[in-house]
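Here's a quick briefing to read with the structure open beside you.

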Amino acid sequence: MTQFTPEWKLTIAGVDYTNVAISEISHESGRTDIYQQPNPGYIQIDLVALNNQTYNIQVNDGLSLQVKDSSGSYVSIFGGNITDITVAVGATGSVGTVLNYSIIALGSLAKLAKIITTGVLSQDQDGDQIYTLLSQYLLSDWNGLSASQTWATYSATETWATAANLGLGDIDRPGQYTMENRSSSEDTTYNVASLIANSAFGYLYEDAQGNIGYADAAHRQTYAATNGFTEISANTAIGSGLATKTQIGDVRNSVAINYGNNFGSQKTASDTTSIGTYGYKAETINSVIHDASDAQDVADRYISLRAYPKPNFDSITFPITNPELDDTDRDALLAVFIGQPIRITDLPAQIATGGYFEGYVEGWNWSTSFNQLFLTINLSPIEFSAVFQDWDEVNASETWNTLSGTITWQTAIGVIA
């Protein structure tokens, strides 16, 4: 049993507020629908100025929230920019006045919806196109820096490569599919980037520091094969409200991919058995894929992954301060991210066949009460993201010693897809 009390570090506009009284935190990030791109992260933090302090906080200030993990190191929970500030009197009397500061901040994906771009892109793979598009706005150059800028304003640990990084995170490059070139046409950067990501079975996301990243179609499978699954017992979660959900709306058993210039060509795929069981659950998808073979691969991937309904883990809440949660699991949850592979064990058979659920984190939210911290996550099943292979589909030259020494039988099926 390990005791844990959250210790916060709030940073606004480069100023650390480590001793401030945080009365409440409400946060959400990621998505609840695997067919949609993730939403911008959101956080509301309520501060209490017990001694009538004045906090110099402005809209658009950068905000980051960190909490100490079991080793005493700060880990990031959220990064973004302040959009709303409300200052209200909480209590007043002869002794003094207590002020409440309520701060709302949005994650960096919100910026992309406000940036208009001509979006000129040469034919390239999906990751490279997204990098080209985002780096125009999230990577500065010397000419873009103020003449008064000095090195003294940078962190002592800043590197040359990231000194002018305004929020560009990890981009999977080059990507998996070749995208069509794009001529000049004004649109929001978010719309242009989302179309590329949707076309390539990938997704944009925010990391905990507030940087924008891109995960391509192979990202989750590659990560799980390399790092394995975080295994956590449901016995350390709050039982009430724990739920899986199976939806016919997740099924896609007939898919048409429009591709090429002006979506002028089409490739299709379908699953007749699924159609016979569930009826037509068809979708037509406009993509900016260039090659016919890539368009067919994406259509086949939809059918391979989504032709049959699977339970989603709709909600499970972990009290991070629960002493039954060991330090390894607690730290893994504190570092939660979209696409994190998690295996939840000790589940009721009615919730999950075999008593366990394997899936990828899609969305999560943090909440607090007095000296307590809660994480609620939703997960999609592994079958919605990982293309499984039969043994006869594996390259004949593949040998066991090419795989990770810690890989399990459950994850071995996805390492080569």
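What follows is a short tour of salt bridges and strand pairing.

Keep in mind that this is a predicted model. The salt-bridge count comes to ten, and three of these pairs get a closer look below. On the sheet side, we'll take an open one made of three strands.

**Lys68 and Glu7**
- The side chains of Lys68 and Glu7 meet in a salt bridge, with 3.5 Å from N to O.
- Lys68 belongs to strand β5 (residues 62-68) and Glu7 to the segment before β1 (8-12), so this pair ties together parts 61 residues apart in sequence.
- Lys68 has a relative accessibility of 23%, so it counts as partly exposed.
- Glu7 is partly exposed too, at 42%.

**Arg31 and Glu362**
- Arg31 makes a salt bridge with Glu362, and their closest N and O atoms are 2.8 Å apart.
- This one links distant parts of the chain: Arg31 sits in the loop between β3 (21-30) and β4 (39-49), while Glu362 is in strand β22 (residues 357-369), 331 residues apart.
- Buried or exposed? For Arg31, the relative accessible area is 7%, so it's buried.
- Glu362 is buried as well, with a relative accessible area of 2%.

**Arg173 and Asp128**
- Arg173 and Asp128 form a salt bridge through their side chains, at 2.9 Å from N to O.
- Arg173 lies in the loop between β10 (168-171) and β11 (178-179), and Asp128 in helix α2 (residues 126-138), so the pair ties together parts that are 45 residues apart in sequence.
- Arg173 is partly exposed, with 48% relative accessible area.
- Asp128, on the other hand, comes in at 14% and counts as buried.

- Which residues are joined by salt bridges that share partners? Arg31, Arg220 and Glu362 end up in one network that way.

**The three-stranded sheet**
- The strand order in this open sheet is β10-β14-β13, with mixed pairing.
- β10 and β13 (203-206) are the edge strands, each pairing on one side only.
- From one strand to the next, the twist averages 25°.
- β10 and strand β14 (residues 212-215) run parallel and are joined by two bridges.
- Leu168 has Ile212 as its bridge partner in β14.

**The helix on the sheet**
- Helix α3 (residues 189-199) packs on this sheet, where it touches β13 and β14.
- The direction of α3 makes about 125° with that of β13.

Methods. Residues are numbered from 1 along each chain as its sequence is written. This is a predicted model: local features need pLDDT of at least 70, side-chain atom pairs count only at pLDDT 80 or more; totals for chains, interfaces and linings use all residues. Side-chain values use heavy atoms; hydrogens and water are left out. A salt bridge is a side-chain nitrogen of Lys or Arg within 4 Å of a carboxyl oxygen of Asp or Glu. Helices (H or I, at least four residues) and strands (E, at least two) are DSSP runs, numbered from the N terminus. Buried means under 20% relative accessible area, exposed over 50%, partly exposed in between (1.4 Å probe, protein chains only). Two strands pair if DSSP finds at least two bridges between them. Axes are lines fitted to C-alpha atoms, for helices over the stretch in contact, and angles run from 0 to 180 degrees between N-to-C directions. Contact means heavy atoms within 4.5 Å.
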